[in-house]
Amino acid sequence: MAEIVSFPDADRAVGLLVRSLRHGVLRLVLNDPPANALSIALLEALVAELEKAASDADVRVVVIASTGNVFSAGHDLKEMTAHRADEDQGAAFFERSFRLCADLMLKIAHLPKPVIAEVDGLATAAGCQLVASCDLAICTDSSTFCTPGVNIGLFCSTPMVAVSRAAHRKQAMEMLLTGETIDASTAKDFGLVNRIVPKQYLAQVVAKYAAVIAGKSPLILKIGKEAFYQQLELPVEAAYDYAVRVMVENMLVQDAQEGIGAFLSKRKPEWKGE
């Protein structure tokens, strides 16, 4: 059953994020159409949910989806502009907004569970950053993506961090320098998304991916996801040294013994998460 995440200290925020947990899959649905803007309230809600999910043994996979025709238009520019009237011209609020958004993206990267973006519609600026930050991204054939900050005098510097790590360098620069919108096929070519599916099959395909992943050992997924992002930042020799240490440690855990034993015995493994 879906549950609306409420915020007792902010009436406007009630219903901005809808969560549901079934068969190990936690769905977090951005619910502030038409833009699903990443306001302070929505960012805080997402961060809080991921923090809880990190230690919740019932959560095996996280899916981030949305309602409406826009996955997310990024930061709430109206909310930010309102703070230009502050004594510091909004500097403190801007710092808070961009830092909170960066914290969310890091929470996704550091979460010991896979995160899948279920994209239907436009993902722009920090919304595109959110897609690029997820471990997997599956979108509809009508979805579009852009980092348009350059068009309004605000270069997408924080989205750049995630986009440049997901897309190829020159293609990321193309998005950042032109601010132009790319279609789903181009986003897949660039490396921003894994799969493109017809709209009517999106939820079904994402659910299948999530179910397959949720059936793996949670401990092994944790080890693997952490190792994947760690080795990316290392020179190749150091990456191999690190990966060898991880493989040795992985071989010594109970789930590795169980998995290998089950494979050799031609039976289904029984994961203990140990």
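A: A residue is called buried when its relative accessible area is under 20%, exposed when over 50%, and partly exposed in between, with a 1.4 Å probe and protein chains only. Strands (E, at least two residues) and helices (H or I, at least four) are DSSP runs, numbered from the N terminus. This is a predicted model, in which local features need pLDDT of at least 70 and side-chain atom pairs count only at pLDDT 80 or more, while totals for chains, interfaces and linings use all residues. Residues are numbered from 1 along each chain as its sequence is written, and side-chain values use heavy atoms, with hydrogens and water left out.

The part to look at is strand β3, residues 25-30, where five of the six residues are buried, so the strand is largely enclosed by the rest of the structure. Two strands are taken to pair if DSSP finds at least two bridges between them. β3 pairs with strand β2 (residues 17-22) in the antiparallel sense over six bridges, and with strand β4 (residues 61-66) in the parallel sense, also over six bridges. L28 can be followed through both pairings: it is the bridge partner of R19, and its own bridge partner in β4 is I64. β2 and β3 form a hairpin with two residues between them, and H23 in the turn has a positive phi of about 50°.

Elsewhere, four strands form an open sheet of mixed pairing in the order β5-β7-β9-β10. β5 (70-72) and β10 (182-183) are at its edges with a single partner strand each, so one side of each is left without a neighbour in the sheet. β10 runs antiparallel to strand β9 (residues 144-146), to which two bridges join it, and D183 in β10 stands opposite T144.

Helix α4 lies across β5, β7 (122-124) and β9, and runs at about 100° to β7; such angles run from 0 to 180 degrees between N-to-C directions, with axes being lines fitted to C-alpha atoms, for helices over the stretch in contact. Contact means heavy atoms within 4.5 Å. α4 (126-133) is also, together with α6 (169-178), among the elements that cover the buried residues of α5. In helix α5 (residues 157-166) these buried residues are P159, A162 and V163. Seen down the axis of α5, they fall within an arc of 95° (taken from the directions from the helix axis to the C-beta atoms), so they line one face of the helix.
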